[in-house]
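The sequence and the structure are shown first.

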Amino acid sequence: MKKVVMYTGNPCPYCVYARALLDSKKIPYQEINVWEDESKRAEMLKKSGGRTSVPQIFIGDHHVGGNAELQAANKSGELDKLFPQSRKKRFPKPASQDWTI
């Protein structure tokens with residue numbers, strides 16, 4: 001499984017949305033608060049090509065981007081392709097029951 005790293009800050013509503021999506025899909029991630037550690041902020045800037053907004057999300061060596069890009073990857077199905085275990089299990093519909101007597 002690919003490692004997910006999310007650079008965050010406080011307060012950050014978009015970080016909350018990204019966390020909620022990853023949590024709902026049971027995708028483990030490492031969260032790094034760049035406002036608490038200046039060296040991690042510099043690391044984020046370097047890895048993201050200078051992007052200063054949070055969250056900045058990485059899956060393996062791939063820079064996903066921010067929350068909007070993560071949500072788009074989820075909507076398009078790309079997130080499920082990267083993390084097959086995150087797909088919701090589909091159960092067959094129960095057979096219709098004929099209650100006529």
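The model is predicted. Two aromatic pairs are counted in it. In the pair of tyrosine 7 and phenylalanine 58, the ring planes stand at 85°, over the 60 degrees required, and the pair is therefore edge-to-face. This pair connects distant parts of the chain, since its members are 51 residues apart: tyrosine 7 belongs to strand 1 (residues 4-8) and phenylalanine 58 to strand 3 (residues 56-59). Tyrosine 7 is buried, with a relative accessible area of 0%. Phenylalanine 58 is likewise buried, at 2%.

The other pair, tyrosine 14 with tyrosine 17, is also edge-to-face. Both tyrosines lie in helix 1 (residues 13-24), three residues apart, about one turn of the helix. Tyrosine 17 is partly exposed, with a relative accessibility of 46%.

| Aromatic pair | Distance between centres | Angle between planes |
|---|---|---|
| Tyrosine 7 and phenylalanine 58 | 5.8 Å | 85° |
| Tyrosine 14 and tyrosine 17 | 6.1 Å | 75° |

Beyond its neighbours within four places in sequence, arginine 19 is in contact with Met6, Thr8, Tyr29 and Glu31. With glutamate 31, the arginine 19 side chain makes a side-chain polar contact at 2.8 Å. The C-alpha atoms of arginine 19 and asparagine 67 are separated by 9.1 Å, although these residues are 48 residues apart along the chain.

Terms used
Residues numbered from 1 in each chain as written. Predicted model: local features only at pLDDT ≥ 70, side-chain atom pairs only at ≥ 80, totals over all residues. Heavy atoms only, no water. Phe/Tyr/Trp six-rings, centres within 6.5 Å; stacked < 30°, edge-to-face > 60°. Helix = DSSP H or I, 4+ residues; strand = E, 2+ residues; numbered from the N terminus. Buried < 20%, exposed > 50% of the residue type's maximum accessible area, 1.4 Å probe, protein only. Contact = heavy atoms within 4.5 Å. Polar contact = N/O pair within 3.5 Å; in protein donor to acceptor, adjacent residues only side chain to side chain.
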